[in-house]
Amino acid sequence: MRIKDILRTERLGEHVTVKGWVRTRRNSAQVTFVELNDGSCMSNLQLVFDSGLLEGLNIGTGTAVEASGLLVESPAPKQPVELRGETLSIIGETASDYPLQKKRHSLEFLRDIAHLRPRANTFGAVFRIRNILAQAVHRFFHERGFLYLNAPIITTSDCEGAGEMFHVTNFNLDDPPRDPKGAVAWDRDFFGKPAALTVSGQLEAEIFATSLGNCYTFGPTFRAENSNTSRHLAEFWMIEPEIAFADLSDDMDLAEEFIRALIRATLDEGMEDLEFFDQRIQKGLIDMLKRLADASFTRITYTDAIAELEKAGDRFEFKPYWGADLQSEHERYLTEEVYDGPVFVTDYPKDIKAFYMRVNDDDKTVAAMDCLIPRVGEIIGGSQREERYDVLLKRIQDLGLVEADYWWYLDLRRYGSIPHAGFGLGFERMVQFVTGMANIRDVIPFPRTPGNAAF
RNA sequence: UCCGGUGUAGCUCAAUCGGCAGAGCAUGCGGCUGUUAACCGCAGGGUUGUAGGUUCGAGUCCUACCACCGGAGCCA
């Protein structure tokens with residue numbers, strides 16, 4: 001049986017067999033205590049043996065064992081039940097240089113041993129919560145009739161424009177084919193043109209939203225930026241819903257409901273792990289999540305946000321003014337101090353936003369929205385898409401983009417164009433938010449960052 | 001990429017003004033009547049991130065580089 005099921009059902013008086021890894025061992029001449037963990041939950045199962053029974057067995061921290069015995073009420077207060085052990089056999093011994101101790105390790109050290117860190121309490125909890133969230137994402141959209149779309153990972157469209165891209169080629173880079181002038185002959189590469197890893201599935205999602213209706217993507221995303229922060233990865237997972245016959249307000253309604261659903265799933269299914277995070281990682285975490293599970297999020301226009309920031313202008317390193325993008329310090333002030341919770345900032349100046357965002361009637365702003373949350377910052381970026389052919393074409397031209405590259409994107413506006421909207425939610429940032437983990441590298445199994453792709 | 005900080009035993013950290021490199025945990029051995037990061041005793045364990053430099057003498061001061069952390073930019 002798995003330890004989670006044993007503890008949940010409290011089968012006192014039953015004989016059970018468990019398999020797992022030894023977390024710690026304490027022994028006296030008479031009695032030996034072995035704490036066993038099998039990853040099914042945070043709690044260990046305490047095994048109690050007559051010391052004579054374990055004579056000669058090397059069962060240090062990390063050893064894989066199988067044990068059986070009688071489940072009894074524990075006389076000590078720290079655990080409700082324990083296993084009065086009758087047999088114990090070693091499945092896999094552990095060398096004496098096993099790096100994980102029962103003491104607390106630094107997250108930086110554990111990151112260097114990513115093949116072992118899921119065996120540490122913190123990371124077991126992180127990845128169980130991450131799993132709950134991933135399942136909840138699909139459940140949320142499935143219950144609402146959204147179509148799950150697998151957007152391509154390799155792309156040849158250079159109109160994504162969301163950042164530096166990783167190139168994909170099967171050329172021998174020491175000696176690539178060249179044309180008569182000596183330039184690399186990309187037309188002879190695998191896809192007949194330069195290709196790269198996707199930076200967003202949004203444009204493909206728009207194709208499906210304007211044919212099959214509401215849909216979403218949930219897949220890996222790649223950015224080759226030289227970003228070195230606690231909230232950026234070169235490979236991360238993003239959820240991008242795209243909704244048909246919808247405007248920006250519908251988009252925010254969806255985003256808000258989505259985040260609340262994810263928080264509720266975590267509270268419903270991950271409470272034992274949340275208690276660990278609340279106690280060890282971020283005090284007050286559970287209260288905050290409970291508060292947000294039912295709260296509606298603040299919505300404020302960019303213009304009003306600037307006015308709010310100007311009132312506190314002296315405290316900022318960078319003075320806020322209309323037309324400038326919000327600095328991190330501005331975003332943190334809004335979400336952490338003014339509203340103390342998630343905030344949607346909407347209707348940004350069009351000059352600082354992407355070409356595909358719908359131009360508002362004032363012709364100065366676009367129907368964009370960013371959702372800011374405490375500690376993490378921007379967790380969602382979204383917009384209503386420009387569905388008017390003429391307006392979109394003018395935006396492409398004004399920004400100096402190559403019209404021909406966008407032929408199929410423009411086609412969607414020529415054939416039965418509809419208002420539609422969507423957003424991207426950074427999955428790891430969501431995991432950070434509900435666990436309180438400070439560094440994004442600690443909420444993805446194997447982080448990829450500049451200079452690091454180990455394991 | 002920019003600014004700031006840190007780098008000492010397997011891990012977490014001390015080391016005063018430039019003057020004998022230490023502790024706890026982990027590991028090994030022994031002890032201990034039910035432990036809870038168990039406890040008690042003993043033992044082994046070091047190219048002080050790397051390469052130079054100053055000095056009678058450098059973990060400590062100087063230069064360069066590397067790694068990590070925090071903040072910024074880019075964004076999700």
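Visitor: How many helices and strands are in chain A?
Guide: Chain A has twelve helices and 16 strands. Keep in mind that this is a predicted model.

Visitor: What box do the C-alpha atoms fill?
Guide: Roughly 85 × 60 × 45 Å, taken along the principal axes.

Visitor: And how much of the chain is buried?
Guide: Buried residues make up 50% of the 455 residues in chain A. The accessible surface comes to about 22100 Å². Carbon and sulfur atoms account for 49% of that surface.

Visitor: Let's talk sheets. What is the strand order in the open sheet of eight?
Guide: The order is E6-E10-E11-E16-E15-E14-E13-E12, and the pairing is mixed.

Visitor: Which strands stand at the edges?
Guide: Strand E6 (147-148) and strand E12 (298-301). Each has a single partner strand, so one side of each is left without a neighbour in the sheet.

Visitor: Which helix packs on that sheet?
Guide: Helix H4, residues 202-209. H4 touches E6, strand E10 (215-222), strand E11 (235-244) and strand E16 (420-426). The direction of H4 makes about 30 degrees with that of E11.

Visitor: Back to the pairing. Do E14 and E15 run parallel or antiparallel?
Guide: Antiparallel. Six bridges join strand E14 (residues 368-373) to strand E15 (residues 377-384).

Visitor: Which residue in E15 is the bridge partner of alanine 368?
Guide: Serine 383.

Visitor: What's in the loop between E14 and E15?
Guide: Arginine 375 lies there. Arginine 375 has a positive phi of about 75 degrees, although it is not a glycine. With a relative accessible area of 48%, arginine 375 is partly exposed.

Visitor: Which other non-glycine residue has a positive phi, of about 60 degrees?
Guide: Aspartate 347. You'll find aspartate 347 in the loop between strand E13 (343-346) and E14.

Visitor: New topic. How does E5 pair with strand E3, parallel or antiparallel?
Guide: Parallel. Two bridges join strand E3 (residues 45-50) to strand E5 (residues 81-92). Valine 48 stands opposite arginine 84 in E5.

Visitor: And how many bridges are there between E4 and E5?
Guide: Ten, in the antiparallel sense. Strand E4 covers residues 64-73. Valine 72 stands opposite glutamate 82 in E5.

Visitor: Now a single residue. Where is valine 18?
Guide: In strand E1, residues 15-27.

Visitor: Is valine 18 buried or exposed?
Guide: Buried. The cut-off for buried is under 20% relative accessible area. Valine 18 is at 0%, so it counts as buried.

Visitor: What is valine 18 in contact with?
Guide: Leave aside its neighbours within four places in sequence. Valine 18 is then in contact with Met1, Ile6, Leu36, Leu45, Leu47, Val65, Glu66, Ala67 and Leu83.

Visitor: What separates the C-alpha atoms of valine 18 and leucine 36?
Guide: A distance of 8.7 Å. Along the chain, valine 18 and leucine 36 are 18 residues apart.

Methods. Residues numbered from 1 in each chain as written. Chains lettered and ligands numbered in written order. Predicted model: local features only at pLDDT ≥ 70, side-chain atom pairs only at ≥ 80, totals over all residues. Heavy atoms only, no water. Pairing = 2+ DSSP bridges. Helix = DSSP H or I, 4+ residues; strand = E, 2+ residues; numbered from the N terminus. Contact = heavy atoms within 4.5 Å. Axes fitted to C-alpha atoms, helices over the stretch in contact; angles between N-to-C directions. Buried < 20%, exposed > 50% of the residue type's maximum accessible area, 1.4 Å probe, protein only. Areas by Shrake-Rupley, 256 points an atom, 1.4 Å probe, with all protein chains shown as cover.
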